[in-house]
Amino acid sequence: MDIRSLIKEEVLAQKAYGVEHAACPVKLDANENPLAIPGPLRKRFVSRLASVSLNRYPEAGSPALTARFAKVFGVGGDQVVLGNGSDELIQILCTAVARPGAEVMIPIPTFAMYRITAQNTGCRVAAVPLDGEFDLDLAAMRERIAAHPPALTFLAWPNNPTGNCFRRDRIEAVLRESPGIVVVDEAYFHFSGQTFLPLLGRYENLVILRTLSKAGFAAMRIGFLIGPPALVHELDKVRLPYNLNALSQAAAGFYLDHEETFLKQAEKIRRWRGELFAAMKKIPGIHPRPTDANFIFFGCDFDADRVYSRLMERGILIKNFNAPGAMQNFMRVTVGTREENSRFIGELQDILSK
Ligand SMILES: Cc1ncc(COP(=O)(O)O)c(C=O)c1O
């Protein structure tokens, strides 16, 4: 028998999310925080994890933790869902709206998991290309909304991989004009400092996503959805009861207890981002785009595939987006430590000089 015949077409047609497994000592491909938990805190973190009862199920729905984070976000406990990374929350949203024919609208390029998850859950994807400045093409989105109102729209803010925050007035126009849920994914909030949280009261269809992944806890998979209580109530029926494991719950509590430390790390990364941007700007043929995130999207006047592989041979992993059309010779580099950034710059200059 052909086991594939049992799998639905949407899954057969997919490519799995691409993660490069090359063992590069300088890892600047996944928009992670390059800094570990500082030494003294690390010991406390380990003893916090050691106190978790592994023989028990985690606290279902993590109400105490949810209430703590709700306070930080300035909303009610009935407005927050915790997820196994924001990836899981994207999946919960798609699952909840996936009636036959339901459409998910995304700009392109954007975070790959929106399309993958929408297709896997049986939604149709309406992909609307960004304009020449990598901002939302409002006219094209309006057309799409009028032709087939999307049940769900995902807007990463700042956008991944382009790094910019879309214009607020354009996002608000989508919020006003789309009858569906509009998700503003603030995964890079720690580096943009900008948020739609205060607008939750104004738009009933606004949902916000946050994560601790970019702030230093990528391995622990902790994400947040913030939205209207009526929606949270329904999403809670889709969420698996023990979706956030007990170690991740402990880690999330630990993050809040020591948030100051991680906010300081983010501040450092923002400083290093400025230095990296300035250094890239000085390299002839390298064109970094303005960024509000912890990565820099850049075009180059050379063959990006060659530059990418040469960097990898020298132990530096970045992300290559090179494809015919608007993404021709575009790549993305995550802001690393000062040492990693200067190694990247040095090797890039050397490769381009040959
Ligand atoms: C825009 C955006 N949203 C969500 C995520 C995933 O975050 P998490 O690690 O919380 O699943 C990413 C990760 O790169 C991202 O770029």
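1. A polar contact is taken here as a pair of N or O atoms within 3.5 Å; within protein, one must be able to donate a hydrogen and the other to accept it, and residues adjacent in sequence count only if both atoms are side-chain atoms. At the ligand, a polar side-chain atom of Asp185 lies 2.6 Å from a ligand nitrogen atom.

2. The model is predicted, so that local features need pLDDT of at least 70 and side-chain atom pairs count only at pLDDT 80 or more, while totals for chains, interfaces and linings use all residues. Residues are numbered from 1 along each chain as its sequence is written, and side-chain values use heavy atoms, with hydrogens and water left out.

3. In the side chain of Thr211, an N or O atom is 2.6 Å from an oxygen atom of the ligand. For the side chain of Lys214, the distance from an N or O atom to a ligand oxygen atom is 2.9 Å.

4. Domain layout. The protein chain is assigned domain 1 (3-37 + 260-352) and domain 2 (49-257), with bounds that come from an automatic or database domain assignment. Taken over C-alpha atoms, the centres of domain 1 and domain 2 are 23 Å apart.

5. Domain interface. Contact, meaning heavy atoms within 4.5 Å, involves 30 residues of domain 1 and 30 residues of domain 2. The two domains bury about 2,400 Å² between them, 60% of it on carbon and sulfur atoms; buried area is the accessible area (1.4 Å probe) that two parts lose on being put together, summed over both. Tyr17, Phe262 and Asp292 supply 25% of the area that domain 1 buries against domain 2, more than any other three residues.

6. Arg289 forms a salt bridge with Glu133, with the closest N and O atoms 3.4 Å apart.

7. Make-up of the domain 1 side. Two or more residues each are given to the side that touches domain 2 by helix H1 (9-12), helix H11 (259-281), strand S10 (295-300) and strand S13 (330-334). Helices (H or I, at least four residues) and strands (E, at least two) are DSSP runs, numbered from the N terminus. H11 gives the largest share, seven residues.

8. The structure holds 20 salt bridges. In one of them, Arg144 pairs with Glu103, the closest N and O atoms being 3.0 Å apart. Because Arg144 lies in helix H6 (residues 138-147) and Glu103 in strand S3 (residues 103-108), the pair ties together parts that are 41 residues apart in sequence.

9. The peptide bond from Ile108 to Pro109 is cis, with omega near 0°, and Pro109 lies in the loop between S3 and helix H5 (112-120). The bond from Asn160 to Pro161 is also a cis peptide bond, with omega near 15°; Pro161 is in the loop between strand S5 (152-156) and helix H7 (168-177). Asn31, although not a glycine, has a positive phi of about 55°.

Terms used: A salt bridge is a side-chain nitrogen of Lys or Arg within 4 Å of a carboxyl oxygen of Asp or Glu.
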